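Hello,

Here is the structure I promised to pass on to you.

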Amino acid sequence: MKLSEIKQHLKQLENISFKLPNGELVPSHFHVTEVGKITKNFIDCGGTVRNEEVVNFQLWNANDYDHRLHPEKLVHIIELSEKTLHIGDLEIEVEYQAETIGKFGLDFDGTNFLLTGKQTDCLAKDNCGIPEEKPKIKLEKIQATGNSCSPNSGCC
């Protein structure tokens, strides 16, 4: 989800809730402790130099049960961050504390913001010799054609 999208959703909500991939909700007394721009400059295993930028939200589960973050307050924090940090309409990455800091993508189901799983990947499969995964086919599903014989037919 991009920054413009979350602002649009927030303007239509009365309460903010984030749902973890396992279906549990982040406690409602969470705080957004950081909104920032993360720039990652790196070289992949194939030797290509890459540059990625994301907006980072850090959610923190505080013991402050009396103060809830309201949608208009988060919009204000986002707009201040855009102006001060010169943040464009970038994809959002969310950090949330589990056993260690987890990084999540962000989606919206009409009610809750969904923290979505992220995975690592090789960006240079063609350069570093990793073959593309071939589809697995069961022999009994292959249709015999022409002069070929069917599995278990005893012809070969």
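The largest pocket is lined by 21 residues. Nearest its centre lie Lys40, Glu52, Glu93, Lys118 and Gln119, so do keep in mind that this is a predicted model. By type, the lining residues divide into nine nonpolar, three polar and nine charged. The volume of this pocket comes to about 590 Å³.

The other thing to look at is a pair of helices. Helix α1 covers residues 3–10 and helix α2 covers residues 71–85. Their axes come within 9 Å and cross at roughly 155°. An angle over 145° counts as roughly antiparallel, and α1 and α2 are therefore roughly antiparallel to each other. The crossing of α1 past α2 is left-handed.

Which residues of α1 and α2 meet? From α1 come Leu3, Ile6, Lys7 and Leu10, and from α2 come Pro71, Leu74, Val75, Ile78, Glu79 and Glu82. Of the residues in this contact, seven are nonpolar and three are charged, with no polar ones. On the charged side you will find Lys7 in α1, and Glu79 and Glu82 in α2.

Happy browsing, and write back with any questions!

Best wishes

Methods: Residues are numbered from 1 along each chain as its sequence is written. This is a predicted model: local features need pLDDT of at least 70, side-chain atom pairs count only at pLDDT 80 or more; totals for chains, interfaces and linings use all residues. Side-chain values use heavy atoms; hydrogens and water are left out. Axes are lines fitted to C-alpha atoms, for helices over the stretch in contact, and angles run from 0 to 180 degrees between N-to-C directions. Helices (H or I, at least four residues) and strands (E, at least two) are DSSP runs, numbered from the N terminus. Angles under 35 degrees count as roughly parallel, over 145 as roughly antiparallel, 65 to 115 as roughly perpendicular and the rest as oblique. A crossing is left-handed if the near helix is turned anticlockwise from the far one by less than a right angle, and right-handed if clockwise. Contact means heavy atoms within 4.5 Å. On a 1 Å grid over the protein atoms alone, a cavity is a set of points where a 1.4 Å probe fits but cannot get out, and a pocket is an open set with protein on both sides within 12 Å along at least five of seven lines; lining residues have an atom within 4 Å of a point. Grid points are joined across faces, edges and corners, and a volume is the space filled by probe spheres set on the points.
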